[in-house]
Amino acid sequence: MDENTVNNRDEQDPSKSSRRNFLKNIGLLGAGVAAGAGALYSGDIFEKKKAATGESKVLLTQDNKLVEVDSLELKALAKNPTKLMLEKGREGIEGRRWVMVIDLSKCRNARRCIAACQEAHQLKPEQYHLNTLQMQDSPGTAPYHMPKNCQHCDNPPCVAVCPVDATYKRGDGIVLIDNERCIGCRFCMAACPYSARIFHWTSPKDSDKHNGEAYNVELNVPQKLGTISKCLFSADRCREGKLPYCVSACPNGVYYFGDENEDAVTNGTTKETVRLSKLLRDNGAYQLMPELGTKPRVYYLPPKNRLFPFEPATDESPKEG
Amino acid sequence: MKKLFYILLLVFIMLLRAEAQNPGWIVPDDQKGKICLVKFTPDMVKQGEALYMKNCQSCHGIPTKKNFAAIQPSPGDLSEPKAGTQKDGELFYRITTGKVPMPEFRNILSEDERWSVISFLRTFHKGYVQPDPEKMAASMGKRIRLSMTYDTARKKIMVKAVELTKEGPVAAKGAEIIVFVQRYFGNMQLADPKPTSESGYAGFDWPQDFPGDKTGKVILGARVNDPTGSMQEAIVRDTLAIGLPTNKPALTDTRAMWSTREKAPVWMILTYTLAVIIVWYFIIYIILSVLDMRKIKQVKNT
């Protein structure tokens, strides 16, 4: 189609030309309206901001920084708190590698660690994230008490077998369980060589009371029927810079907890901080079943020069005194 | 007469034995006189009771109930005269320093908290009168100011103590200095306490393999070791870049059997997806072929 024919057609059909003009005008008008509305909207926002300046609030962010925010700019998050905690719980605390040292020479089966753990994680008395076992390596050797919890392996078999990515390892070494994802297949229980995991066959403790509460993945509460639970190295307490529940509850100085990167562990009873490498070297520390290649994060100091004579536990209830 | 002599001898031997069975937990004389600088109040007693139940009851039992733990040496019931006849300073020293198997509460309970535990125990001790704190307050004194530097040549942390007297600052000699490093869950004491020299300095060897943060920074502190509390709180904190720079990767950074999908390399994802597509292609192809065969059969039949 050449220039001539177009012109011809315009002349022949004036109505077509006017439609084109009409459309052009409409387009211009639309652009103008949009620009105007945009200007009005931004002006409105500016006015609102001006009104907002005045009252300010100091808030603590998720990464523990204090920030000042105008009170009118605060918006309640539409996000579900459970979802928020799940996302936060997937991220480890940067630059940390938690490690626990258990001194068997000091354990006298006071079971305060177990009580504190069960209280924090809403467990029944017969459910253990942590238990003190009576050990006797061979008939000729002396018996001793051994607290045993999840070893938070660096090569965790439980995480490798989970079909739904419910149990996972974090950058700071903690192995956690997302009970919102857990389907209760118990593969992880079968895979764990330390029998660290428990399964909620029956309704968890006070489940009716805690029904509907937001699920905190770093505390594993509220516990869920038909899912797995286990020791979490008190991930919530680590975030706050506090020692785990069991560690701070021990009356006999059995537990040390700290950061391998800092080469320091703190005793839960005496609050004394010592060098991890020296503690392990001087006391002949060992790990449970290292031959499996699981690379546990828990070290044991042998039951040597014991402070207390061995007393066999009479029943499973926490001992008084 | 001979009989009386034998009886006396027997009593003497028994006393000796009793002494031998109780190997001394000797409180230094200068610690015995320490007293609480405020009058015990009912609030203090209440706080002391709560602290006692949390920290002491597991071994010492509930006072007057005699339900202390059966361990050696026996912790004993603290309402008994054995504890009741001790001075405040003695009890304070024992709580502060501990003695195996009793833990030291130096870092567990603050000084005020230790005094409130004593105030709680004193409610069980008949005839106890608290020494008047007013008279003792005058003995408080000595203000010490500390500063800290790192001596690169000798690899030592040098702490300088200066006493602020009325005449002006003077180098403090013989002040026992403790140096500590801040760690995530608490402060780590670097070495045994050291007294300052004539010039007011105390030097502490700095271990060269000590980890710091990403840039090697370490938060250090120094304070005067002063269990009597007679000196006014003398403490200094400083950040020095003398640690080993530590920047270890997160434990999830390397790929492992248990890694999640995000860690899988591209070639693995591509090969896997391709394999799945090929397998499904053949399955669908076979099903369609079977359907085709049925159609051909139907056509032949008609």
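**Entry 1: the contact between chains.** The model I am reading is a predicted one. With that cut-off, I found 36 residues of chain A and 29 residues of chain B in the contact. On the chain B side, α4 (57–60) and β5 (186–189) each supply at least two residues. I noted that β5(B) gives the most to that side, with three residues. Sorting the chain B side by class, I got 17 nonpolar, nine polar and three charged residues.

**Entry 2: the cores.** Which residues have the most contacts inside the largest nonpolar core? I listed A:Val101, A:Cys246, A:Tyr255, A:Val265, B:Ile177 and B:Val179, in a core of 80 residues. Strand β3 (residues 98–103) of chain A gives the most to this core, with five residues. I also came across a second, separate core of 17 residues, with B:Ala83, B:Tyr93, B:Ile95 and B:Ile108 among them.

Entry 3: Leaving aside neighbours within four places in sequence, A:Val265 is in contact with A:Val99, A:Val101, A:Tyr256, A:Phe257, A:Gly258, A:Val274, A:Leu276 and A:Leu279. Are the faces of β11 (residues 264–267) of chain A covered or open? Both are covered: A:Ala264 and A:Thr266 are buried on one side, A:Val265 and A:Asn267 on the other. I kept in mind that side chains in a regular strand alternate between the two faces of the sheet.

**Entry 4: partners of β11(A).** I found β10 (residues 255–259) of chain A running antiparallel to β11(A), joined to it by four bridges. Here A:Gly258 stands opposite A:Val265. The hairpin of these two strands has four residues between them, and A:Asp263 takes a positive phi near 55°. Next I checked β12 (residues 273–275) of chain A, which pairs with β11(A) in the antiparallel sense over three bridges. A:Thr273 is the bridge partner of A:Thr266. This hairpin has five residues between the strands, and there A:Lys271 takes a positive phi near 60°.

**Entry 5: helix α4(A).** Just after α4(A), I noted a positive phi of about 55° at A:Gln122.

Technical notes
Residues numbered from 1 in each chain as written. Chains lettered and ligands numbered in written order. Predicted model: local features only at pLDDT ≥ 70, side-chain atom pairs only at ≥ 80, totals over all residues. Buried ≥ 20, exposed ≤ 12 C-beta atoms within 10 Å, placed from the backbone. Pairing = 2+ DSSP bridges. Contact = placed C-beta atoms within 7 Å. Nonpolar A, V, L, I, M, F, W, Y, C, P; charged D, E, K, R; others polar. Core = buried A, V, L, I, M, F, W, Y, C linked by C-beta atoms within 7 Å.
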